[in-house]
Amino acid sequence: MAKKIAIAIHKGGVGKTTTAKNLAAALAQAGKTTLLVDLDEQANATKGLGVDPAQVPVTLNDLFVSTEIAPASAVLTTDVDGLHLIAGHPELSRTETGMATLRGADPTAPDPIMALKGLLAELDDRYDFIIMDTPPSMNYMTINALAAADELVIPAAASAYSADGLARTIEAYERAVGSYNPALRLRGILVTRFKRTNAAAAVFDGIGDAYSDLVIPQLIVESTAVDEAEQLNQPVVLYDPESPAAQGYKRVAEILSNGK
Ligand SMILES: Nc1ncnc2c1ncn2[C@@H]1O[C@H](COP(=O)(O)OP(=O)(O)O)[C@@H](O)[C@H]1O
Ligand SMILES: [Mg+2]
């Protein structure tokens, strides 16, 4: 059984995709077979692993749209040994809208919230970890990730902190537990994009005060290596493993592997 972790917060630009792809790559580098699933129509995690969504024969969207396609046929290998990918695609946005419409139109149709969970069940025994990157809102793609996940990790950028985004995500988590995924565990809040400034330190302290037990005891610093790696469509843990951000993600991978 794979441990399935959703990376989500109702906000963009906070390091969701950076976290998803580097955590997945760090887990693979540590010898855990890992699948990264890109639920964002922007497909940044896909591109960030050097894959052009337009060139992918079977994307996550195809799996949602055509139930006869086997999920295994969407699995791609990547430049990171042990890391596989199911690619995102711009059409996910249309599918997301369709899920919302379907829900209203035909209550007897299969619940669109559970679509991803069904797809991943067929791949579950092949992986140690399945990491899900999500769009910047609590839309049906994110809800699919929350329904399929065992754990939720919320990345909160110290540089673009939004208490509102964090609170809305925790509400969505509570709704998930209350209605469609009672076993979902809020694994923690990961502070990302941390700069050594007083303002960032104040944000960090503020998150700690509000959510003390939930803060993962390893933050991710803001690092130019992350941007350089992104320009080259690589995870920073591959591009510059010694950089502080890469070291941070490796440590977070350890923490999540050990269950501490
Ligand atoms: N630790 C970091 N250091 C430097 N830049 C970062 C870091 N984390 C994220 N970024 C940059 O911030 C931008 C937004 O990050 P991203 O992971 O795409 O956020 P999201 O998926 O939440 O929208 C990207 O350009 C990314 O390279
Ligand atoms: Mg993103």
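Hi everyone, let me start on the outside: on α7, the face turned away from the buried side carries the exposed residues Ala163, Asp164, Glu171, Glu174, Gly178 and Ser179. Here, a residue is buried if 20 or more other C-beta atoms lie within 10 Å of its own, exposed if 12 or fewer, and partly exposed in between, with C-beta atoms placed from the backbone. Helices (H or I, at least four residues) and strands (E, at least two) are DSSP runs, numbered from the N terminus.

Please keep in mind that this is a predicted model: local features need pLDDT of at least 70, side-chain atom pairs count only at pLDDT 80 or more, and totals for chains, interfaces and linings use all residues. Residues are numbered from 1 along each chain as its sequence is written, while chains are lettered from A and ligands numbered from 1 in the order in which they are written.

Back to α7, then. Which of its residues are buried? They are Gly165, Leu166, Thr169, Tyr173 and Ala176. These residues sit on the same side of α7, because they cover an arc of only 100 degrees around the axis (the arc is that of the directions from the helix axis to the C-beta atoms). An α-helix has 3.6 residues a turn, so residues three or four places apart point the same way. The length of α7 also agrees with expectation: its 18 residues, 163-180, should span 26 Å at 1.5 Å a residue, and the end C-alpha atoms are 25 Å apart. The expected span is 1.5 Å times one less than the number of residues in the helix.

So what lies over that buried side? The cover of the buried α7 residues includes α6 (140-148), β6 (151-157) and β7 (185-192). Contact here means that the C-beta atoms of two residues, placed from the backbone, lie within 7 Å.

Those two strands run parallel, with seven bridges joining β6 to β7; strands pair if DSSP finds at least two bridges between them. If you want a spot to look at, Glu151 stands opposite Arg185 in β7. Six of the eight residues of β7 are buried, so β7 is largely enclosed by the rest of the structure.

Now for α8. The strands β6 and β7 are also among the elements covering the buried residues of α8. Those buried residues are Ala200, Val203 and Ile207. They fall within an arc of 55 degrees seen down the axis of α8, so they line one face of the helix. On the other side of α8, we find Asn198, Ala202, Asp205 and Asp209 exposed.

Between β7 and α8 (198-211) there is a loop, and Arg193 is in it. Arg193 has a positive phi of about 55 degrees although it is not a glycine. Is Arg193 buried or exposed? Arg193 is buried, because 24 other C-beta atoms lie within 10 Å.

Asn233 also has a positive phi of about 55 degrees, and it is not a glycine either. Asn233 lies in the loop between α9 and α10 (236-239). With 17 C-beta neighbours inside 10 Å, Asn233 counts as partly exposed. Leaving out residues up to four places away in sequence, Asn233 touches Lys47, Gly48, Leu49 and Gly50.

Next, strand β2. All five residues of β2 (34-38) are buried. Thr34, Leu36 and Asp38 point one way, and Leu35 and Val37 the other. β2 pairs in the parallel sense with β4 (83-86) over four bridges, and Leu83 is the bridge partner of Thr34 in β4. β2 also runs parallel to β5 (129-133), joined by five bridges; there, Thr34 has Phe129 as its bridge partner.

Finally, the ligand. Of the 18 residues around ligand 1, Gly15, Lys16, Thr17, Thr18 and Val226 come nearest. The helices α1 (16-29) and α9 (224-231) are the elements that give two or more residues to this shell. A residue is near a molecule if its C-beta atom, placed from the backbone, lies within 6 Å of it. The shell divides into five nonpolar, eight polar and five charged residues.

Technical notes: Nonpolar A, V, L, I, M, F, W, Y, C, P; charged D, E, K, R; others polar.
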